[in-house]
Amino acid sequence: MLASSQNSLRFGWLEQLFSSAANSDTQENITEGINLELAIKLIQSVNPGVSSGKVEHRFKELQRVRERMCELTVDNGSGHEDHSENKKLTARNERVTKQEFIEVFHDFCTRPEIYFLLVQFSSNKEFLDTKDLMRFIEAEQGMAQETSLKLIQAHEPSQEGRQQGYLSLDGFTSYLTSAECHLFDPEHGIVCQDMTQPLSHYYINSSHNTYLIEDQFRGPSDISGYIRALKMGCRCVELDVWDGADEEPLVCTGHSLSPPLLLRCVLEAIGRFAFVASEYPLILCIENHCSPGQQKVMWQHLVKILGESLYTVPPDEGASYLPSPHALRRQILLKGKKLVPTPGGSEKDMVQKSVITQSNPSNVSPKRFQLLKELSDLVTLCQSVRFIDFSTSSKSQKPWELCSFHESLAVRLISESPGDFVNHNKHFLSRVYPSPMRIDSSNMNPQDLWKCGCQIVSMNFQTAGLMMDLNTAWFRQNGNCGYVLRPAIMRQEVSYFSADTRDTVISGQNLPKPKGSGAKGDVVDPYVYVEIHGIPADCTERRTRTVNQNGDNPIFDESFEFQINLPELAMVRFVVLDDDFIADEFIGQYTIPLECLQPGYRHVPLQSLTGEDLPHAKLFVHVNSWYILNI
């Protein structure tokens, strides 16, 4: 039915498209059609996700039908086959007639779900006039009415439609698949939050053992780990520094088989890429295990390589909060231990206080560690201190002092004293790092820590999966600058918000078969999970039905409604899987903060397990949300 519906706008445009192609085709017998390869390219220019093989196969099917029809007339009544006519048929197989082209175009470039949407808003016409389009973009897309004529001029392919102010099915499809109808609100594609709040009021994109690119024990180390993390917007990287040969400090994991990197080379890479993705401050977590002699070399490298980017201004003793990310733009802050003289202490006192007891990782015996004064002087706004308890911190901790929490300790504190943890993080930075038991470089759930306000949750960037999807999506909401302003409830006393969100998963397009899958050939049986991630009361998931043997344009047409209590901490994740008897296989995913959703009919670009875009693979969804303020 849809394939044969040829309204005048579409039919006229296709005739014009075909004639233009025929005039550009230099081969003979133009009246016989256009070159098959050219016809395939025309189809792909409208639907780039369809493979040339599928289009060619459909053309060949039509041509075989034509051949059989022609063969019935080949016999001239003499009972002998006319071989001259067979030769003409063979030659025509490499060309496409106008009728064949239009039929195949309808097959591959008509999306039934968009067709029915158009008919719904056009009162059963096969095009949208300006009034229809105004009603659609205002009621569904949340856009201004005056943009309707601009949309027609931008997306309607036929000259007649542009002149009359009509949007055909092809123009409507062009609009709905354009960047304007991306699920992600483009306002969040740039820095859109207040960047003048204290540093402790932001979540900070953070990496753990940044130099590792695989597991924690045997995996290789590589400078590319720093480059990749910084390009992804990471604003806190880690350097474990140990004594090396030839008086050159090394970056590596102590007591592991991972090969080391020269500190000098790591700092050079950081210096080059520190502010490529973001101008906001970068924190270097220095885990210093060096002897005094190599600490001196470390200090020299830091000063020489990072130069004026190093922030060394002492903190304001009277300040109640840290400076803002805006005030610290293009500055590199060192996080590390700091020598603190006793009141009225002399230089001798400082030298004595520089002797620090550290536990030996092998638990053989404790060792005495002497911190170099010059290195200590480079640490200003991120001074590492040991956490004792929340009561002690509230009485004695300074705004520029930072506690690092082992994952297990942080989870226990969240369970036992969540309110105290939230209040602690209103004033001080907290860093949480993964358990050393995560030898495989697996990741903790960052939302478990974010919900109590922990700003720096260190992630293994090299490990793809749900947890990194959440982390990557979360920091995308503020121009991917590495800083996200925490909810007001994490900064001050506020009213309580809740939100209701209704999502309809309508269809999918060009869903590839799972990577590495070969058992089912090219067959895909997709279904979709819609997951909500946030505070425990908000976490839930819903599943669509399976659409059998259709990865090109599966129609799901299912609606789900979610009650969300804290939308500022909620994310939506779409996961597409291939239904398989043995084990369902991952096709693609997309994760987005709830506050970045655009309402209306939107397309969702799917990404691979490692975060790369899957070419032309999308979901088509309808989002209807409203916010309720409860005083």
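How many nonpolar, polar and charged residues are in the lining of the largest cavity? The lining has three nonpolar, two polar and one charged residues, where Ala, Val, Leu, Ile, Met, Phe, Trp, Tyr, Cys and Pro count as nonpolar, Asp, Glu, Lys and Arg as charged, and the others, Gly among them, as polar.

Before we go on, a word on the source: this is a predicted model, in which local features need pLDDT of at least 70 and side-chain atom pairs count only at pLDDT 80 or more, while totals for chains, interfaces and linings use all residues. Residues are numbered from 1 along each chain as its sequence is written, and side-chain values use heavy atoms, with hydrogens and water left out.

Back to the cavity. On a 1 Å grid over the protein atoms alone, a cavity is a set of points where a 1.4 Å probe fits but cannot get out, whereas a pocket is an open set with protein on both sides within 12 Å along at least five of seven lines; lining residues have an atom within 4 Å of a point. Points are joined across faces, edges and corners, and a volume is the space filled by probe spheres set on them. The structure holds one cavity of 30 Å³ or more, and the volume of the largest is about 30 Å³. Its lining is made by Gln447, Trp450, Lys451, Gly534, Ile535 and Leu569. Because domain 3 (199-313 + 323-339 + 369-490) and domain 4 (504-623) both give residues to this lining, the cavity lies between them; the bounds come from an automatic or database domain assignment.

Next, look at some strands. Helices (H or I, at least four residues) and strands (E, at least two) are DSSP runs numbered from the N terminus, and two strands pair if DSSP finds at least two bridges between them. Strand β13 (residues 382-385) runs parallel to β14 (residues 401-406), with three bridges joining them. Between the two, the chain passes through helix α16 (residues 390-396) in a right-handed β-α-β crossover, meaning that with the strands pointing away from the viewer, the path from the first strand over the helix to the second runs clockwise. On its other pairing, β14 is joined by four bridges to the parallel strand β15 (residues 430-433); here serine 404 has arginine 431 as its bridge partner.

Finally, the second largest pocket has a volume of about 630 Å³. Among its 26 lining residues, Val46, Asn47, Phe108, Arg111 and Thr173 are the closest to the centre.
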